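Dear colleague,

Please find the structure for your review below.

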Amino acid sequence: MKRYLIIIVHIAAWACLFLLPFAFSPRFRDPSFQFSTPFIWMLTTMDIFLVFFFYLNTEIFIPRLLARRHWIWYFLLIIICLILFIQIPRLFEQAIRAELPAEIKERLGRRRRQGGSSFSIFNGASAVFFLVFTVSTCMKVMQQWLGAEKKRKEIENDKIVSELSFLKMQINPHFLFNTLNNIYSLAVVKSDATAGAVLKLSSIMRYVLTDTKTDWVPLENEIKFIHDFIELQKVRLTEKVKIVFEVNGVVEQKQIAPLLLIPFVENAFKYGISAKESSSIVIALTAKNDSIDFVIDNSIVALETDKIENTGIGLKNTQRRLELLYPDQHTLEMKQEGNHFHVHLTLNR
């Protein structure tokens with residue numbers, strides 16, 4: 001469809017250009033005026049030459065010479081084409097003059113004897129040539145620029161997709177590694193909770209390996225994933241650890257990038273729980289009309305305070321994914337206040 005539209009535009013543009021001599025002819029002032037046959041042949045020859053030059057310039061001269069910076073050859077060929085074009089009226093001059101009325105012949109004769117041009121009606125040929133030359137050059141250069149810009153954006157988008165896939169691949173094994181460590185610790189002490197933990201892990205990994213293949217997932221699926229993750233973590237926790245997970249607002253019909261929130265939850269469990277002292281993790285997700293708020297507040301275990309600056313590959317990857325997936329559409333605040341670490345993420349999408 002686009003190709004046919006371009007063809008129609010070209011035909012309409014050429015038709016307008018070819019009809020200009022007839023639109024401004026003396027026929028509108030003198031109904032008896034008629035174009036002579038040699039004059040019509042001359043206009044036809046000039047029109048054919050202009051069409052030929054237009055596509056010669058756009059399809060050969062510019063791509064093979066101007067685009068490759070062969071400036072001298074390019075402008076030399078343009079000058080040659082100009083010289084050939086302005087010679088066309090001269091070829092028909094005698095035949096056209098022969099059919100002119102006697103008074104016009106006399107007027108042209110006087111003008112030539114006074115040193116003027118005897119065929120001033122054709123003096124605008126060079127102007128028409130330069131008009132076609134300018135339009136064709138600007139159109140082709142613009143077309144090439146737009147094509148290069150489109151290709152650049154495609155390469156940039158491919159790069160972003162590849163980078164996102166790489167980041168997601170890094171997050172999945174990272175999460176699996178930590179979870180297997182938890183189950184391993186249960187198996188070592190021969191806990192009765194081991195079997196249930198394996199089932200939870202199976203459910204979680206089904207989500208990781210299937211649902212997260214798409215760029216966006218329903219927010220309620222991501223919430224269920226976080227809930228299952230928390231339940232799996234609780235298996236190894238003692239009563240000294242308080243875990244709160246709250247969901248507010250309407251989460252249906254909302255989308256989110258998969259595995260975007262879990263690194264923050266992982267980080268909270270990594271640095272915010274202790275088997276020896278009281279600790280807490282409070283997680284709150286609020287779905288609003290035009291945004292999603294995700295807040296985590298967790299204790300910082302004393303032995304891990306000096307490590308809080310290094311939050312691991314999960315958070316670093318998540319920050320990069322936020323930059324790619326939510327450019328200028330998110331705010332992320334992570335700060336330590338006393339013995340608590342606070343995360344506040346807002347997604348505006």
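This is a predicted model: local features need pLDDT of at least 70, side-chain atom pairs count only at pLDDT 80 or more; totals for chains, interfaces and linings use all residues.

Residues are numbered from 1 along each chain as its sequence is written, and side-chain values use heavy atoms, leaving out hydrogens and water.

Helices H6 (residues 194-209) and H7 (residues 219-234) have axes that come within 10 Å and cross at roughly 155 degrees; axes are lines fitted to C-alpha atoms over the stretch in contact, with angles from 0 to 180 degrees between N-to-C directions. H6 and H7 are therefore roughly antiparallel (angles over 145 degrees). Helices are DSSP runs (H or I) of at least four residues, and strands (E) of at least two, numbered from the N terminus.

The whole structure holds 10 aromatic pairs (ring centres of Phe, Tyr or Trp, the last by its six-membered ring, within 6.5 Å; planes under 30 degrees apart are stacked, over 60 edge-to-face, the rest tilted). The rings of Phe85 and Phe129 are tilted, with centres 5.8 Å apart and planes at 35 degrees. Phe85 lies in H3 (residues 71-98) and Phe129 in H5 (residues 125-188), 44 residues apart. Both Phe85 and Phe129 are buried (under 20% relative accessible area; exposed is over 50%, partly exposed in between, with a 1.4 Å probe and protein chains only).

Trp216 and Tyr326 form an edge-to-face pair, with centres 5.6 Å apart and planes at 90 degrees. Trp216 is partly exposed at 26% relative accessibility, whereas Tyr326 is buried at 1%.

Kind regards

Methods: Angles under 35 degrees count as roughly parallel, over 145 as roughly antiparallel, 65 to 115 as roughly perpendicular and the rest as oblique.
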